[in-house]
Amino acid sequence: MTELSLPLVLAVTARTLAVCGTALAIALLAGLPIGIWLGRQRFRGRVLGVSLVNSGMGAPPVVIGLLVSMLFWRSGPLGFLEWMYSPRAMVIAQVVIALPLVIGITLAAVGALDEDWELQARTLGIPRGRRLWLLLREIRLGVLAAVIAALGAILSEVGAVLAVGGNLEGETRVLTTAILMYTQMGQFELALALAAVLLGLTLVVAGALTVVQQGGRA
Amino acid sequence: MSDAVLSARDLVVRRTSRSGVFELRVDALDLAAGSVLAVLGPNGAGKSTLLRTLAGLEKPSAGRIERRARGPVTLVFQRPIAFAGSVAHNVDVALAGQGLPREARQARVAEALAHFDIARLAARNAHTLSGGELRRLALARAFALQPAVWLLDEPFDDLDPAGQESLSLDLRRAIDGTNAAVAVVTHDRRRALLLSDRIAVLLAGRLAQQGGREEVLARPTSVPVAQLVGMENRVDGELVPPRGGEENGALVVDAQHRIPVRAEVCRGRSTGQWLAGIRPERLKVDVGRGEGVPIGKAVVRTVVSDGVAVIVTVVWAGRELRTYLLAGRGLARSLAPGDSVTLSVRPEDVHLLAP
């Protein structure tokens, strides 16, 4: 029977934050530009792209876990990387979960702007880089909503990280997979303790972001 | 025009929308420094498309826009858009591209806000402004750029009459203080006239007429233009040129009614059916002061006043004609429906329109 020790809880929590944080950062870096682009440009095939994003927002994590597993499986197309059952594979799976959320919410925020927003900035002679900064400032509430939604989704998600990470102790065990494991082992005390940490984490993250979001509305 | 800072030549702009293909065609249009052009036209005539094309925001399918302006060309949209942040930030950010030192920028921001009477709102979140305040912000933001060409799309939209009045005065002062070439698009003729010295009339994507303000007001080239520039009285009749020695010809409406037409206006025009166009403010009721030529008796039909102007309609030769009086003065105080009046008009105020 595993003892509940502070170092263990801290290690699992730290790994959870590292994996989710990395996945969130990648999802934001890729998702914000794509969301802004999809929200502003009108081109053939845009509707297809948007509906792809929308369906991605509701994709079951366990299915994403399956697909990413197939990708990194020894015989899979990216098997040579030997990322299966590593935090890298978990990050990839979580990026796939978070990306549609970031893109979808960003494009909705951009779409809610006046259609002449960009032209207005251009006709004032505002340089390109400065326009992008103004745009991000304009949609910051949407961006924060995207962060809250994406982080909430990947922090609490278990199916994908279990499938691609395998819940290996000291390597790929994160809060959700640990809770699942201890629950199945009947070690409810341990499971509850880790659940409390996870809940606390989600509350703190969502709370902090909400404060920022509401503050920005003043 | 030699001092034109922005010119459109052989312009064709096509836009496809749900209602079909709209085409704007402008052979030649010039904006000159220190001059204000009012672009008049009904909704859907292509006024906004013209402005956007002049601003370089829409690509013409053919023709060209020649920019000889030294400073910025900027457009204030019909629906003003504020950026997130304070009112002052909104003006400041527009100056960011001009490479001005911080103090110079702050001074320009303060000056622009003061010009449009929103200095007290400088620290306010721009997204909390009322419609009128937002419009003033949009104008101040463009003004701060010290544009060489200033394009204004319906600057008086969704303002109450008092707001329109004060904004048109502020705008007039702002324009007077610069040497910018200004084009203002509006369907509100009176507002446009407060600002402009030139008029261009746009009808269904075509430039129906352009010229000096008084010229277009007094001599519209067609009935639709006449309607648009407020030549409300249009009377049909037969044109009879002056007979030997007579100073004026006449438009004969019926056996009892005729309207004097100057000889040079008759010249070069065929006899036959024409419309005599007379602006309401040029049609005089109950003279006796010797101004103009009496054209006969009329009966007052309606008298309405907005407190400043009195609109009087009279029936003359079976037609309803309109005239304006100043409220509270002379005849305006006593005139009532059913009264009999004498109409008169100066021959030079009679314009001929092809029916």
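In which sense do S13(B) and strand S19 of chain B pair, and over how many bridges?

## Basis

The model is predicted, with local features requiring pLDDT of at least 70, side-chain atom pairs counting only at pLDDT 80 or more, and totals for chains, interfaces and linings using all residues. Residues are numbered from 1 along each chain as its sequence is written, and chains are lettered from A and ligands numbered from 1 in the order in which they are written.

## Strand S13 of chain B

S13(B) and S19(B) (residues 351–353) pair in the antiparallel sense over 3 bridges; pairing requires at least two DSSP bridges between two strands. Within this pair, B:Leu275 stands opposite B:Leu353. Strand S10 of chain B (residues 233–240) also runs antiparallel to S13(B), joined to it by 7 bridges. There B:Leu275 is the bridge partner of B:Asp236.

Strands are DSSP runs of E, at least two residues, and helices runs of H or I, at least four, numbered from the N terminus.

## Chain A

Chain A has 10 helices and 0 strands. Its C-alpha atoms fill a box of roughly 70 × 45 × 25 Å along the principal axes. Of its 218 residues, 37% count as buried.

## Contact between the chains

Chain B gives 17 residues to the contact and chain A gives 15 (contact: C-beta atoms, placed from the backbone, within 7 Å). On the chain B side, strand S5 (73–76) and helix H2 (87–95) are the elements that give two or more residues.

Notes
Two residues are in contact if their C-beta atoms, placed from the backbone, lie within 7 Å. A residue is buried if 20 or more other C-beta atoms lie within 10 Å of its own, exposed if 12 or fewer, and partly exposed in between; C-beta atoms are placed from the backbone.
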